[in-house]
Amino acid sequence: MDVTLNIRRFDPGVPQPESYWQSFDVSIEDNGTVLDALIKIREDTDGTLSLRCSCRSSICGSCAVRINGHAGLACKLQASAVMGDDNVITVEPAGVMPVVKDLVVDFEPFWEKIRAVKPYLQPQGLEPESEYIASNESMLHLSSVTACIMCGACVSDCTVLEVDPTFLGPAALAKAYRFTADPRDGDTDGVSKERLQDLTQATGMWDCTRCTECVTACPKGVAPMDRIMALRDQAIAAGLTNSNGARHAEVFGELVGHSGRLDELKLPVKTVGMFNIPAMLGFLPVGIRALIHGKMPSPIHKNIEGVEGFRRLYKKAEEAGEE
Amino acid sequence: MKYAYFPGCVSRGGCPELNQATKLICQRLDIELQEMPRASCTGAGVLQEKNQFLGDTLNARTFALAEGLGLPILTICSTCQGVMGQANRRMKNDPEYLAKINVSLAEEGLEYKGTAQPKHLLWILIEDYGLDKLLEQVTRPLNGARLAPFYGCYLVRPPDALDFEENPSRQDSLERLIEALGATLVDFAGKSRCCGFPILTINEKNSVAMVAKHTSEVKDLGADAMVTPCPLCHLNLDGYQPKAAKQARRPIDMPIIHLPQLVGMAMGISARDLGLQRHIINTKPLITKLGVAAG
């Protein structure tokens, strides 16, 4: 099978280095992977092409790159599945992290975030007389998170990290969840309150936009965003509700549960707090512009029809869901 | 063609022009919209964060109401569509889960049988109405306009909640619609990224930085406007663009057009009727360029 790889290259060794595109035609087996094509180019055509790889069976996490704009493991994706009608595949280095050369990126920012969440068990209280006991169920639940191979695909495509390099990011937050959800971590009830407290700070769990890029990018089904949502749930359950993020979630439910529809005026006000003068002033220019352009939601918020029945149902489902 | 109309909260709050433009083009295209005055908010993914069962129950309730009408659901918001699709998938894949949800629905004498089909207007125009038939209604092709698509996360991810496997053409539906209406497509990687709206009240700086990133990028590519099927994206990309320009220390002035406004302009409907004067970023240069009647 003939494929064309458009590769974004970068050579730090030249004066004023800049990234550029280079196209390679290569012939591989019909069931060959993108990595097979890359290796063939390096072996046969251009020995200067830099890339990382090792296991070729999606377990070592070395070969994450952007394929057709989205992060994935080059060894896991068959070329035939990702090439367009013109047999072209674009390959770029992973996003967010600085490029060292061609498809190789510097993972230091990645490891820095992993270290920041203290990726080791921190049990509190007295040590048990024998081993720590954890249920099969809890360990099976964790196995989906520990499936992470640290390939950085989720970090590459994180929309928040793109604009804010201080965000802990999907890999580190999923790693943190691996410990907060471990019954051996935290107090004797398995609640990791201090850990959760740290993660509710700016750059933590509440900064995720829920864009789902990381869930799509992850080649191992870790679903980092779902873990971040579970962290939020744990934080609220542990009483850590003094943050805009926690208030936003709480107030959203309150407003919808009351009228059946979202009250767009009350949501931001109640999230930042009515007496948070700087934040309220910050809303002012936006509010005035909205008013001038007839975009300000009506201050008289209408309930949906039959709201009484809806409220009963809401309450019932809320309780059933909490069980 | 008749649908149960689910406009969502924002098109009746911060983006009334979206509701207005949708009703107008549907009327002209003979797409009948049946209102659902009892339908509630989908939870927008926020309720689901805290209590997925509760969020799914609210959507099951809306689905049951649509089943009662015997109509498929038409949505005009990427977030509503995505959240409904995710809920529907969970319930269809797990009959026991659906049965549990139906216990809550019985509180209002409702039952969801699992047959609802929520569908975004974008998909309906292409899959149900048909681009060929739509083009017959085009009286003023958008020739000369350079337009960039912006989907909204929930209309691109996760793929299985959007039935991409069964309908692969959904993945570039917006690009195809833009081109079919005669405009030049300004393609860019940011089209399927996040607009920043979900964290607006939590981390405004990051949210606004996302607005700046996407709007500046298409500006530099020479786009006249961005088109979005998501009113939440519109609220952020349009409403917070003045702040984004300040943060990025550059002028941007990128109009953010709702999907039905785009279709309406091509059908010869006036700018005023489509609510184009209700945008924060001035749409007049675009209207003038296209020769759209001010109205």
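Student: How many residues does each chain put into the contact?
Tutor: This is a predicted model, and in it the contact takes 52 residues from chain A and 48 from chain B.

Student: Which helices of chain B supply at least two residues each to the side that touches chain A?
Tutor: Four are listed: helix 2 (46-50), helix 3 (52-69), helix 5 (95-105) and helix 8 (204-220) of chain B.

Student: And where does the largest share come from?
Tutor: From helix 3 of chain B, with five residues.

Student: How do the residues on that side of chain B divide into nonpolar, polar and charged?
Tutor: On the side of chain B that touches chain A, 23 are nonpolar, 15 polar and 10 charged.

Student: Let me pick one residue, Val46(B). Which helix is it in?
Tutor: Val46(B) sits in helix 2 of chain B.

Student: Buried or exposed?
Tutor: Val46(B) counts as buried, because it has 23 C-beta neighbours inside 10 Å, and the cut-off for buried is 20 or more.

Student: What is Val46(B) in contact with, leaving aside neighbours within four places in sequence?
Tutor: Ala249(A) and Phe252(A).

Student: OK, over to chain A. What's in it?
Tutor: Chain A has 14 helices and seven strands. Its C-alpha trace spans about 70 × 70 × 40 Å along the principal axes, and 44% of its 323 residues are buried.

Student: What are the domains of chain A?
Tutor: The domain assignment gives domain 1 (2-105), domain 2 (108-237) and domain 3 (244-322). The C-alpha centres of domain 1 and domain 3 of chain A lie 47 Å apart.

Student: Now helix 10 of chain A. What does it reach from first C-alpha to last?
Tutor: Helix 10 (residues 224-237) of chain A has 14 residues and reaches 20 Å, close to the 20 Å expected at 1.5 Å a residue.

Student: Why is helix 10 of chain A described as largely enclosed?
Tutor: Because 10 of its 14 residues are buried, the rest of the structure largely encloses it. Among the buried ones are Met225(A), Ile228(A), Leu231(A) and Arg232(A).

Student: What follows helix 10 of chain A?
Tutor: Gly239(A), which has a positive phi, near 85°.

How values were computed: Residues numbered from 1 in each chain as written. Chains lettered and ligands numbered in written order. Predicted model: local features only at pLDDT ≥ 70, side-chain atom pairs only at ≥ 80, totals over all residues. Expected span 1.5 Å × (residues − 1). Buried ≥ 20, exposed ≤ 12 C-beta atoms within 10 Å, placed from the backbone. Contact = placed C-beta atoms within 7 Å. Nonpolar A, V, L, I, M, F, W, Y, C, P; charged D, E, K, R; others polar. Domains from an automatic or database assignment.
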